[in-house]
Amino acid sequence: MAEENMTLATEFVLMGLTDHPGLQVPLFLVFLVIYLITMVGNLGLIALIWKDPHLHTPMYLFLSSLAMADASTSSSVTPKMLINFLSKNHKISLAECLTQFYCFGSSATTECFLLSVMAYDRYVAICNPLLYPVMMSNSLCSQLIGASYLVGFLHSAIHVGLLVRLTFCKSNIIHYFYCEILQLFKISCTDPTVNIRLVLIFSAIIQIFTFMTIIISYCYVIFAILKKKNERGRSKAFSTCGAHLLSVSLFYGMLFLMYVHHGSGPTEDKEKMYSLFYTIIIPLLNPFIYSLRNKEVIGTVRKIMKK
């Protein structure tokens, strides 16, 4: 019996968003459109930034890195979900499951740190504009981006390494639309207490550290903006910071509800909604949040369209 259970643990069944047959095709079409817009928005933003030399500044390098992280987050989840909408075979191997979680987790952690360094970048640009070229050089910018991705990769690697020690013999059914780590703990027949504690501890530390960095940076930024006498400069600064704060609010709100607030016991449907918003909707919205009110990005788009 034990050997049979170990055989079952080599693959899982993703139940998806719903098992209602009549909703599979409409949901496929909706999420296909969302995914295509997400990829065009994020990859298009990256292409625009790299094409225009005037946008080769730290702020836009951070923004292109954020767009890459968003594209990775969406791509780690959406393609498999789209396949499952049209397929009766919802199986995913243990190796694919761990890979999916690793890609998703590393992108999410990277985004946390990118948002915090973007806040620090705005702090330096607005509070110390004369020292900005020295304090935030392209070299330092590249190092911060590299460090953000490195921490993301290492953080996910730790959790994947700990997942490998678990055996899954209670069930091979995951009542979710992707291999979310907390759902894997539910079907583990090995005690996942250590894993759960580390997920909550690391999530809390990363979110609190990066969120506090953002809050402190923007407290200084807001005070500096309010001191500006130039109405045009104040409006431009608020426009740039407002887009970032909206993105931060959406990102951290969903992240908090998914992992830190998990212990309060939200229903399964609520968990799916939080995850859906976090993995698919936020990557869709971010490129538009940052681009639509950004005159430099819109200007670059107009130049390309005129050519």
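How much of the chain over residues 200-226 is helix and how much is strand, and how far apart are the end C-alpha atoms? Over residues 200-226 the chain is 100% helix and 0% strand, with the end C-alpha atoms 38 Å apart.

## Basis of the model

This is a predicted model, in which local features need pLDDT of at least 70 and side-chain atom pairs count only at pLDDT 80 or more, while totals for chains, interfaces and linings use all residues. Residues are numbered from 1 along each chain as its sequence is written, and side-chain values use heavy atoms, with hydrogens and water left out.

## Overall fold

The protein has 11 helices and 3 strands; these are DSSP runs numbered from the N terminus, helices being H or I with at least four residues and strands E with at least two. Along the sequence the order is α-β-α-α-β-α-α-α-β-α-α-α-α-α.

Of the 307 residues, 46% count as buried. Buried means under 20% relative accessible area, exposed over 50%, and partly exposed in between, with a 1.4 Å probe and protein chains only. The protein exposes about 15400 Å², of which carbon and sulfur atoms supply 70%; accessible areas come from the Shrake-Rupley method with a 1.4 Å probe, and for residues only the protein chains shown count as cover. Among contacts (heavy atoms within 4.5 Å) between residues at least 6 apart in sequence, 79% join residues at least 24 apart.

## Annotated spans

The unreviewed UniProt entry gives "transmembrane region" for residues 27-50, 144-168, 200-226, 238-261 and 273-292. UniProt positions are in the numbering used here, feature names are shortened, and annotations may be inferred rather than shown by experiment. In the model, residues 27-50 are 100% helix and 0% strand, and their end C-alpha atoms lie 34 Å apart.

## Nonpolar core

A nonpolar core is a set of buried Ala, Val, Leu, Ile, Met, Phe, Trp, Tyr and Cys residues joined through side-chain atoms within 4.5 Å. The largest one has 80 residues, and those with the most contacts inside it are Phe12, Phe31, Leu63, Leu115, Leu163, Ile174 and Tyr278. Helix H4 (residues 94-127) gives the most to this core, with 15 residues.

## Cysteines

A search of the whole structure finds 1 disulfide, a disulfide being a pair of cysteine sulfur atoms within 2.5 Å. Cysteine 97 and cysteine 179 form it, with their sulfur atoms 2.0 Å apart. The pair links distant parts of the chain, 82 residues apart: cysteine 97 is in helix H4, and cysteine 179 is in the loop between strand E3 (173-174) and helix H7 (181-186). The link is left-handed, with -120° about the S-S bond, and both cysteine 97 and cysteine 179 are buried.

Cysteine 112 counts as buried because its relative accessibility is 2%. Cysteine 127 has a relative accessible area of 25%, so this residue is partly exposed.

Asparagine 42 lies in helix H2 (residues 24-51) and counts as buried because its relative accessibility is 0%. Not counting residues up to four places away in sequence, asparagine 42 touches Ala67, Asp70, Ala71, Pro283 and Pro287.

Serine 76 is in helix H3 (residues 58-86); with 11% relative accessibility, serine 76 is also classed as buried. The side chain of serine 76 reaches the backbone oxygen of threonine 73 at 2.7 Å. Apart from neighbours within four places in sequence, serine 76 is in contact with Gln100, Cys103 and Phe104.

Key: A polar contact is a pair of N or O atoms within 3.5 Å; within protein, one must be able to donate a hydrogen and the other to accept it, and residues adjacent in sequence count only if both atoms are side-chain atoms.
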